[in-house]
Amino acid sequence: MTTAANSYILWLTLAVLGLPLMASLSCFSIKQKVGWLAPLLSSILLLIASILASILFFQIGSEYEVSFSWVWFNLNQKEIALSILLDSKASIMMLIVTIVSFLVHVYSIGYMAEDYHQARYFGMLAFFTFAMIGLVMGSNLLIIFIFWELVGVSSYRLIAHDQEKETAIKAATKAFLLNKIGDIGFLIGLIILWSWSGTLEVADPNLISIPPFWLATAGVCMFIGVISKSAQFPLFNWLPDAMEGPTPVSALIHAATMVAAGAYLLVRIAILFTEDVLILIAITGAITTLAGAVGALFQFDIKKILAYSTISQLGLIVMAMGGGAVQGGYFHLLHHAFFKAGLFLGAGAIIHALHQVNQQSNMDVQDIRNMGGLRKKLPITFISFMICAAALSGIPFTSGYVSKEFILTQMTMWAGNEFSWRWIVMSCTWAVTFLTPIYTFRLVWFIFYRKPQHEHNIEEVPIIMRIPLIVLAVGSLAMLSSLSPFHISSVINVLQQSYPSTNTIISFVSIALILISSAAAFYIYKNQDAKNQKLVTPQYYLDAVSNYFSLLTLKLSEATRWFDKRIDFLIHGISYFQITVAHITGWADRYLVDGVVDGIAYSAKGVGAVTRSLANGKIQSYLLWAMAGLVIFIVWILY
Amino acid sequence: MSKQELLFFFSAFLFCSGLLIAVTKKNAIVVLMGIELMLNAANLNLALFNFQKRGMDGQLLALFIIIVAVCEAAVGIAIILKSYHFYHSSVLDQISDLKEKN
Amino acid sequence: MMQEVILYLFIGFSIMSVLVILLNRNVFYSALALLTCLISLSGIYGLLQAEFLAVTQLLIYAGGVLVLMIFGIMLTNRIAGKSFESKSHNWIPGILVTTSLLVVLVITFQNSSIKATQNELNTGNHIRNVGIELMSTYAAPFEVSGVLLLVCLIGAALTASSFKKSSHE
């Protein structure tokens with residue numbers, strides 16, 4: 001590419017990075033009196049940013065890789081550079097981030113209309129976007145780490161936006177602390193890489209020319225960072241709690257910025273991961289995806305269901321990346337951004353509509369058991385929610401289907417024909433494909449189809465909140481990323497690698513599976529009424545199982561009692577012996593162990609008393625002792 | 001004992017008694033006086049060196065020491081005044097915030 | 001001969017005044033004794049042909065610092081309603097340390113070559129030489145000490161003044 005074109009791209013990139021920052025700064029500096037200006041201003045700046053990002057995306061296309069770097073500082077002849085690496089993956093991620101963020105901004109104008117701290121909210125929202133864009137475009141791992149931390153901080157501020165709510169503060173602190181665990185991992189990984197290779201550039205081949213053991217260790221450490229940021233298996237607790245934040249924030253966190261950061265990092269530093277680390281990644285993803293799906297089945301809070309589904313989908317993505325399906329996983333990440341944002345904004349619209357009506361009553365507006373029959377009352381929300389839900393479950397003609405089928409194909413090919421541990425991971429993929437429609441349509445049924453539980457006179461949300469919903473719903477249709485709805489021959493040829501030939505059987509089976517499970521879910525929940533409601537609640541089954549268990553235990557105990565009497569004598573003998581041993585141990589403990597411990601403590605106390613008498617807080621004594629030390633020192637030096 | 005030798009011993013004595021004053025007296029201002037005495041002992045030594053050798057170095061060094069001593073005295077008195085307002089005492093014993101509270 | 005007598009006189013004066021500071025309890029007397037000590041020191045400087053130093057000593061120490069200290073004594077002791085009593089402590093360890101320091105200093109001096117140096121008489125206009133040196137060789141420390149004085153002036157004024165915010169009452 002020519003230099004002129006290069007500098008053109010550079011300016012575009014910096015503008016995309018700078019506009020959200022500018023929006024954030026101007027929001028923070030706006031006075032309370034003209035607070036209504038903040039949302040408008042930041043939305044407009046974000047719109048410009050997303051337009052620029054799309055121009056940038058088409059400029060970069062799928063072939064170019066542009067990188068810029070400026071030396072930041074030198075350390076022992078090794079330099080740290082402020083560097084940018086733009087390839088097709090980064091540019092499409094930037095595009096998605098800016099678009100989703102713009103839509104969330106627009107939506108928030110309606111959603112947060114009555115909030116007093118609007119300027120702060122929009123400022124943090126724009127700052128969040130800025131941090132994510134910086135993370136996406138950065139190429140030096142130190143730069144990525146800095147933006148990674150900024151993402152964490154701004155999510156903390158946003159989750160705790162309702163500062164009066166104690167639960168919100170607790171949730172934010174939890175999210176922050178759990179993320180810190182991962183950050184420590186990330187930092188240790190950075191230190192290992194820096195001390196062995198002396199560079200932190202992801203594009204530098206020196207980065208991975210280090211001993212394999214340390215490469216693997218660094219990979220694991222970086223993956224710990226990903227675990228916490230993307231809410232993977234041991235550290236996913238913060239994500240459902242983070243629902244305490246305002247709903248548009250949840251949309252942003254779940255779709256484009258926070259949790260996508262971890263998965264994006266997996267793509268960015270894919271060269272770091274050795275074979276063993278990939279196994280760990282795949283297995284972690286598999287556990288997460290199943291745990292998330294099962295968790296989503298049993299929740300009643302609308303936002304928590306969506307949160308668990310995010311965990312599940314991210315687990316799927318991470319598993320795909322750890323397995324053979326990097327492109328599929330990345331595709332799913334992008335698609336997921338759209339439909340999950342759509343779902344969250346839809347949920348927000350429902351909550352908002354219910355909240356408007358039920359401000360006085362104590363009803364929990366987020367509980368899906370309190371909803372029902374909203375199909376007629378919120379038609380636009382219903383349609384967009386349905387499309388996004390279809391995309392989440394992977395019904396054909398939606399983007400979710402395309403990427404999910406892609407992942408399934410790649411995972412199946414990766415698993416191979418021989419049975420191995422890979423089959424287990426692969427079967428997790430299929431299981432999740434089956435489970436997703438069930439919890440999705442459970443949600444849809446509860447909200448929209450069930451008989452209304454309460455009489456509401458609710459109205460459709462304001463138009464400014466409807467527009468983002470429609471845009472996201474359209475974006476969740478398959479047409480944007482591929483011409484044919486059934487497999488990926490993309491117009492936007494994002495990842496230029498060759499695609500595996502679509503396996504017809506897999507496509508067919510997956511479609512069948514998805515359709516069957518959707519239909520089943522719909523059928524189960526549709527026919528559910530008061531008398532057989534228990535059949536679908538998990539508690540029913542749990543109760544039944546525990547009943548059997550208790551019966552079994554009763555029988556067992558009777559049998560044991562009979563046996564017990566026979567061996568009583570033996571047990572007596574054993575217990576006498578045990579008591580004797582215990583006495584001996586007790587004596588030893590008291591006199592030998594305790595004596596040593598007491599002695600140590602006593603001597604420590606004595607030393608402490610002597611030392612403390614020197615430090616009596618009087619400055620003249622200090623001066624005296626210093627002088628005495630000086631005299632001794634002089635004598636020692638001179639003679 | 002020559003004149004210079006005597007003066008050296010005198011300056012050593014001055015220094016040590018200044019130190020003794022700084023260590024033993026409880027009143028902060030007297031402590032400050034002790035410090036001034038120590039500085040003067042050093043100055044006396046420098047003046048002696050200046051006397052022994054050609055050039056002005058010792059004398060000028062002593063001059064700068066005086067300047068620093070003046071600054072120290074001014075700031076020291078200011079701090080004593082301030083702490084007097086704060087603790088209602090200029091006795092160093094009672095100003096023992098450095099000690100652990102128990 | 002006359003010079004030596006005067007020197008011994010000055011040394012005797014200052015040793016006595018130092019002993020007064022050490023042994024008496026009245027803070028005000030201590031300040032006056034310090035004044036005597038400083039004036040006799042400035043006389044010793046004059047005998048050592050450091051006239052400028054002697055004058056500076058008189059002006060700054062006897063004129064400036066001593067007045068400052070007396071003001072300090074007035075301001076701190078009067079308000080409390082007590083007399084100028086000053087107690088003392090730490091005598092035994094203090095005397096131990098200082099006498100050992102004195103012994104070390106004397107022994108060091110006996111072993112050093114300083115006492116062997118003979119006096120080459122400096123002739124000429126000393127004060128003029130001081131001025132030239134101050135403006136040429138020692139220009140940088142001179143400037144720096146000017147800045148130091150300014151900073152100290154501001155610092156002392158700020159510390160001692162009682163603003164609403166900085167006062168603790």
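# A tour of chains A, B and C

Begin by selecting chain C, where 32% of the 169 residues count as buried, buried meaning under 20% relative accessible area, exposed over 50%, and partly exposed in between (1.4 Å probe, protein chains only). Before going further, note that this is a predicted model, in which local features need pLDDT of at least 70 and side-chain atom pairs count only at pLDDT 80 or more, while totals for chains, interfaces and linings use all residues. Residues are numbered from 1 along each chain as its sequence is written, chains are lettered from A and ligands numbered from 1 in the order in which they are written, and side-chain values use heavy atoms, with hydrogens and water left out.

**Stop 1: the fold of chain C**

Colour chain C by secondary structure, and you will find six helices and zero strands, where helices (H or I, at least four residues) and strands (E, at least two) are DSSP runs, numbered from the N terminus. Followed along the sequence, the chain reads α-α-α-α-α-α. Among the contacts in chain C with a separation of 6 or more, 57% come from residues 24 or more positions apart, a contact being heavy atoms within 4.5 Å.

**Stop 2: where chain C meets chain B**

Now show chain B as well, and select the residues in contact, which are 86 from chain C and 69 from chain B. Between them the two chains bury about 7100 Å², with 75% of it on carbon and sulfur atoms; buried area is the accessible area (1.4 Å probe) that two parts lose on being put together, summed over both. On the side of chain C that touches chain B, the elements that give two or more residues are H1 (2-23), H2 (27-47), H3 (51-77), H4 (91-111), H5 (126-135) and H6 (139-160) of chain C.

Which classes of residue make up the side of chain C that touches chain B? There are 48 nonpolar, 30 polar and eight charged residues, where Ala, Val, Leu, Ile, Met, Phe, Trp, Tyr, Cys and Pro count as nonpolar, Asp, Glu, Lys and Arg as charged, and the others, Gly among them, as polar. Seven residue pairs are in polar contact between chain C and chain B (both at pLDDT 80 or more), a polar contact being a pair of N or O atoms within 3.5 Å; within protein, one must be able to donate a hydrogen and the other to accept it, and residues adjacent in sequence count only if both atoms are side-chain atoms. Zero salt bridges are found across this interface, a salt bridge being a side-chain nitrogen of Lys or Arg within 4 Å of a carboxyl oxygen of Asp or Glu.

**Stop 3: a helix of chain B**

Select residues 3-24 of chain B, which form helix H1. Its 22 residues, at 1.5 Å a residue, should span 32 Å, and this agrees with the 31 Å between its end C-alpha atoms, the expected span being 1.5 Å times one less than the number of residues. H1(B) is mostly covered, with 18 of its 22 residues buried.

**Stop 4: where chain A meets chain C**

Turn to the contact in which 10 residues of chain A meet 11 residues of chain C. About 830 Å² is buried between these chains, 77% of it on carbon and sulfur atoms. On the chain A side, select Leu624(A), Val631(A) and Tyr639(A), which lose the most area to chain C and together make up 53% of what that side buries. Here there are zero salt bridges and zero residue pairs in polar contact (both at pLDDT 80 or more). The side of chain A that touches chain C has eight nonpolar, two polar and no charged residues.

**Stop 5: salt bridges in chain A**

Side chains of opposite charge can pair when their charged atoms come close. Over all chains, the count comes to five salt bridges. One of them joins Asp87(A) and Arg268(A) (3.7 Å, N to O). Asp87(A) lies in the loop between strand E2 (78-86) and helix H3 (88-111) of chain A and Arg268(A) in helix H10 (residues 258-268), so the pair ties together parts that are 181 residues apart in sequence. Both Asp87(A) and Arg268(A) are buried.

Finally, select Arg422(A) and Glu275(A), which form a salt bridge whose closest N and O atoms are 4.0 Å apart. Arg422(A) lies in helix H16 and Glu275(A) in helix H11 (residues 275-297) of chain A, 147 residues apart. Arg422(A) counts as partly exposed because its relative accessibility is 25%.
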